[in-house]
Protein chains: 2
Amino acid sequence: MFEFMTIRELYEMVFSNNHVEIDSLEYVQLQGWVRTNRDNGKVGFIELNDGTYFRNAQLVYGDLIKNRDEIAKFSTGSAITVTGQFKLTPDAKQPFEIVVTEAVLEGACDPSYPLQKKRHSFEYMREIAHLRPRANTFYAVFRLRSVLSMAIHEFFQDQGFVYVHTPILTGNDGEGAGEMFTATTRKDADYEKDFFGKEAFLTVTGQLHVEAFAMAFRDVYTFGPAFRAENSNTSRHASEFWMIEPEIAFADLDDNMDLIEDMVKFCINYVLENALEEMKFFEKMIDQDCIKRITHVRDSEFKRMPYTEAIEILEKADVKFENKVFWGMDLNSEHERYICEQVVKGPVFLTDYPKEIKAFYMRVNDDNKTVAACDLLVPGVGELVGGSQREERYDVLDHRMDELGMKKDNLQWYMDLRRYGGCKHAGFGLGFDRFLMYLTGIQNIRDVEPFPRTPRNLLF
Amino acid sequence: MFEFMTIRELYEMVFSNNHVEIDSLEYVQLQGWVRTNRDNGKVGFIELNDGTYFRNAQLVYGDLIKNRDEIAKFSTGSAITVTGQFKLTPDAKQPFEIVVTEAVLEGACDPSYPLQKKRHSFEYMREIAHLRPRANTFYAVFRLRSVLSMAIHEFFQDQGFVYVHTPILTGNDGEGAGEMFTATTRKDADYEKDFFGKEAFLTVTGQLHVEAFAMAFRDVYTFGPAFRAENSNTSRHASEFWMIEPEIAFADLDDNMDLIEDMVKFCINYVLENALEEMKFFEKMIDQDCIKRITHVRDSEFKRMPYTEAIEILEKADVKFENKVFWGMDLNSEHERYICEQVVKGPVFLTDYPKEIKAFYMRVNDDNKTVAACDLLVPGVGELVGGSQREERYDVLDHRMDELGMKKDNLQWYMDLRRYGGCKHAGFGLGFDRFLMYLTGIQNIRDVEPFPRTPRNLLF
């Protein structure tokens, strides 16, 4: 008799030091994929991964099995079912091994398999995105992606936030966050005859729609895909990405910053608790500072500094920036990192940016020059989160949209939220993929997305 | 001194019967929106909702407040902040009330506000989708939507499933689940010069992509939007909707059906535990059987019946169906409901459908006539979930795609999963919006989606 177990269950059992359980376990069955198989003639060793845990189980096979020759030929990548005797190995590198008594090939792996033991470049791995989750780095990234998603949901749901599926298809071309794709069923751009009877776009933000829900549920959030049709081939831009956009009613910019700080700290804790094996891997293989960096952020008080003060500091700084500093400019990464890493030496919110460089919906401050915006800067990368208090005054919003020459027809519904019991409210946007890059130290957004989409690149 | 509290917190405190807490509470502050305001000259009553709870708090204002005249004019929909004395009212309809000592108007509501007290048709409410979450029915629907989303995540994450964000933009036009939208930045359909250098579609399913991840993580799921460009104006079809698509490796059709049954039961329990107020509202206002119906399903064993047996039963049935029954047909709703409601009298999986009416990726059975598919039928609606074991044999899949005349270039990566350690695996698709319809008894998919998109309908 044997017990079917996952490799995660075996490791957790061993780490728990539960000797009653360990001692009672004799034979186990595992299913998974061969990572390596080496045979010294006398004894053979298979490193097996079953998808449930970052680490492998070591299988040992000797002379006593009837299909030993077959087993010795199981190639890297093959799917197998194996039964064997569970044995603690306190003197070995791995804490236990399975002495194989039976092994069955479930799915062979062709010799052309690209994921042999040697290391490949990340560029090459993108060309085999359907296979790369089996490689250590991507296995760790994509499990972390799942854990971090759950962290987000738990954080908001535990506080009673309502999750809203804002639409992907939108009729608003003026959401103010970048170039948009058109979704169509025609080849002639005759949108009046098109599926929706007008031009449909892929959303760049769920914020405008979720604001409507904040006026019913007080605290809400979105978590879904967004799109940018920008032809920029950088390591931080993808054409399709996931965003988190909370919106809170009866709340101002300070409440918003409190929420951002809580969320970032919660997520860091959650990841360290639920994906420590993966984080240790990133620390070892990708970015030796990653755990230290996020632990420092978790344990820091997030400072707050007005944009105007930051500009004054930058102007006085004894540093030669590539881009000249002046009030009214959009800060570059060099400036953000200087403030955050050299001046504050920790996470900092810059607040109250010039209205000219921010979106139309941000609340105009009493100086009529700045808006109640906040960007969270963190050491190592610069901007991580951007948020603002929203303009809740109908006439001010109306005036601002005129100033910017915006067409208002499609956004009358959004403006009407201000006429029908619109209260002060605030919210922010967190680029989920960039948050993952920040946590892991992975430098290219293409390497944290399951099937990345970028200009001229739509594989699979 | 007063304590800021939400209406949910007040109800939970009262229901908990914690008298120490209740007795120590004197003055509270609430923020929310006026649902109704009536003044009999002597005393006035405001029903306030703050978005945290389905039920309102009753505010009472008398002669002692200085801005009483102003308060009496707070119109339906207005946002207010109110401070007052908390009082249990054991003899009244509502368990407590707040005797107002101060009330401030945060955001007025224009007299043109469409959500006055009278009831509106669901059709009309779709035209004010930005406001309808404030109306009871939609307030209940959209909170349930959030609760059910969390149920899905908890169910899968607790069992170690990895959540995968499969891409929305895809190069595969042959995913086999319906008409597709094209995403483009051009007006001339010259896709070689387009953003991606080839035609890009909005996905109809994440299944093909998530299969790649099941071959790394064993148990995975997607939960995200999908699209159909079908010009069908029915109450059950939307052009944009959310889908859940789990995929499990080393698993066959029986494992798949076990998983579906577990998931459906878990979600029903979760909803009854976490959104009982909302479910009671649906029972009272929308569908008096809804709680009974889902409780029955939760407590039933899900039966399993081959399609061929179902056809035999239908052929012998003493019922005049609108559509003639014959082996090889796609069952209509009348047939599904007959089997489920009259024959089995409970939830039932129909299995092993003719391959001609099912998708190319389903595993061909040994009879070479049927495939290892399963549809879950439930009383009241018919089909709720569709799943299958996937064809893991390269040559059989290859042959099947040829038979169907499919272009294989774009799907070579998918076929290759079978060459590189592909093991038996299975999965299913659950239309999230239809699941919500099933739970609530709401008859039109447009009324469970925040901003529904259907042919010629792209409001907001």
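**View 1. A:Cys423 is buried, at 0% relative accessibility.** Buried here means under 20% relative accessible area, with exposed over 50% and partly exposed in between (1.4 Å probe, protein chains only). This is a predicted model: local features need pLDDT of at least 70, side-chain atom pairs count only at pLDDT 80 or more, and totals for chains, interfaces and linings use all residues. Residues are numbered from 1 along each chain as its sequence is written, chains are lettered from A and ligands numbered from 1 in the order in which they are written, and side-chain values use heavy atoms, with hydrogens and water left out.

**View 2. Over all chains, the disulfide count is zero.** A disulfide is a pair of cysteine sulfur atoms within 2.5 Å. A:Cys423 is in none; its nearest cysteine sulfur belongs to B:Cys109, 12 Å away. For A:Cys374, the closest cysteine sulfur is in A:Cys340; at 14 Å, that is too far for a bond. A:Cys374 is also buried, with 0% relative accessibility.

**View 3. A:Phe156 and B:Phe156 touch the most other members of the largest nonpolar core.** That core holds 235 residues. A nonpolar core is a set of buried Ala, Val, Leu, Ile, Met, Phe, Trp, Tyr and Cys residues joined through side-chain atoms within 4.5 Å. Leaving aside residues up to four places away in sequence, A:Phe156 touches A:Phe161, A:Tyr221, A:Ile244, A:Pro246, A:Leu259, A:Met263 and A:Phe428. Contact means heavy atoms within 4.5 Å.

**View 4. A rotation of 180 degrees superposes chain A on chain B.** The shift along the axis is 0.0 Å and the RMSD is 0.0 Å. This is the relation of a two-fold axis. Superposition is by least squares on the C-alpha atoms of residues with pLDDT of at least 70 in both copies. Within chain A, A:Ala183 comes closest to the rotation axis, its C-alpha at 2.3 Å.

**View 5. 105 residues of chain A contact 105 residues of chain B.** The same surface serves both copies: 100% of the chain A contact residues recur in chain B.
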